[in-house]
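Hello,

Here is the structure I promised to pass on. My notes follow below it.

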Amino acid sequence: MRVSYTQLDTYKQCPRKFKFYIDRAPQDFSRTTALRFGTAVHKALEFAYAKRYQAPPVERVIAYYRKIMDEETDPDVRELFIRGIPALERYIAANDPRKLRVLAVEQKFVVPLTDAHEMVGVIDRLDMLPDGSFEIIDYKSGKIPDARKLSENWQIAIYQFVKQQQLQTKRIQVSLVYILYDGHKLTYRFGRDELGRIREAILRQVAEMERDTTFPTHVTSWCATCPYQPICPAWSHQRAAREVVTGKEREEELVDIQARVDRLLEIMAQQKRLAEEAAALKQALAQYAKGRNLTRLFSDLGTVSLSFRRRAAYDVVQLVEVLREDLLRKIVKTVDIKKLERALPYLKPEERERIEHFRREEERASVVARPRMDEDTEALLTP
Ligand code: SF4
């Protein structure tokens, strides 16, 4: 089986999207704007840095880019493409192709991952740096992400892994270049353990992809730009609703169902507001009772009982940083402190020590309200 980073990433976003992708399902062209823009920027940069074009002047690169842009007719899309012109000019001026040692552009690769799997892909650019080491460049046409997450970036890990195998050297770094942000560069060099860990994670995901027979939909913010949304089952009711709304009249059943959906959403919003209000009240009552050493508070409607216990608490953000092992990650993903506490005795002493470093005790108040449900109370509670 051949697997690419795009496939891995698409499956992670949504298994159904991956299935559409490998089946070459029809795409909604209007939802591929970002992709088309990215492709145009990549083509322009290939033209600027490929040896065979012998470092064309920037005006020629821009003319080449404009030619691709002219195929776009939608004014909004053209506006995005126009932003690319000064960005490309600035990037090429700051990274003069005649002064760089560019070894390859748009270089395809196929490397074995296991006996049964191959990793395939394309590396945007490979440079040799003045000290003789190598730099893999990957152009990005989107926003700059959180640099702290680079160590988890499968794409650049794959590129480093591939080039290390091909060039038989470890003196390789990978840089993500954000063209729309003055060519801002995020650079990373993976250690052996990091690459090994990511390789294991990739193999686990590949196994999952091979086992998958249902390809469930995964509705997230990615749906907004998914080119398969018009054929996706997760959106079929919305499509049906739109078709009817734009037709002569709405079906009675549809109107009824939509009213119920609206009502359920309203109730849930109310529940959330009430839960927040209840939590704030409980906190205030617990504070009052603790200050006066009280365990019960009374009103005309009933009682509120309070108890105070010391329980384990962790700084979860820091804990996640520490936990690298898969078993531990799964536990922390759920932020289930009880499970974590139960697992502690089974961990290696050094692991336990690192986790316990973030352990503290905090006091939690348990507040239970019991309304008196006699007739008088019910009358009071009823608005
Ligand atoms: S629209 Fe959303 S749920 Fe449907 S395939 Fe695309 S990403 Fe998945």
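The axes of α1 (residues 5-13) and α2 (residues 15-22) cross at roughly 140° and come within 5 Å. Axes here are lines fitted to C-alpha atoms, for helices over the stretch in contact, with angles from 0 to 180 degrees between N-to-C directions. Helices (H or I, at least four residues) and strands (E, at least two) are DSSP runs, numbered from the N terminus.

On the α1 side, Q7, T10, Y11 and Q13 meet P15, K17, F18 and Y21 of α2. Contact means C-beta atoms, placed from the backbone, within 7 Å. This contact divides into 4 nonpolar, 3 polar and 1 charged residues. Nonpolar covers Ala, Val, Leu, Ile, Met, Phe, Trp, Tyr, Cys and Pro; charged covers Asp, Glu, Lys and Arg; the others, Gly among them, are polar.

Two caveats on the model. It is predicted: local features need pLDDT of at least 70 and side-chain atom pairs count only at pLDDT 80 or more, while totals for chains, interfaces and linings use all residues. Residues are numbered from 1 along each chain as its sequence is written.

Next, α6 (residues 154-167) and α7 (residues 192-211). Their axes are 10 Å apart and the packing angle is about 115°. That makes α6 roughly perpendicular to α7. W154, A157, Q160 and F161 of α6 make the contact with L195, I198, R199 and I202 of α7. By class, that is 6 nonpolar, 1 polar and 1 charged.

Now F109. This residue sits in strand β2 (residues 101-112). Beyond its neighbours within four places in sequence, F109 contacts V120, G121, I123 and V162. F109 and V162 are 53 residues apart in sequence, yet 7.8 Å apart in space, C-alpha to C-alpha.

The ligand has 14 residues around it, with C14, T217, C223, C226 and C232 coming nearest. A residue counts as near if its C-beta atom, placed from the backbone, lies within 6 Å. The shell divides into 9 nonpolar, 3 polar and 2 charged.

Finally, the whole chain. It has 14 helices and 9 strands. Of its 383 residues, 17% count as buried. Among contacts between residues at least 6 apart in sequence, 64% join residues at least 24 apart.

Best wishes

Note on methods: Parallel < 35°, antiparallel > 145°, perpendicular 65-115°, else oblique. Contact = placed C-beta atoms within 7 Å. Buried ≥ 20, exposed ≤ 12 C-beta atoms within 10 Å, placed from the backbone.
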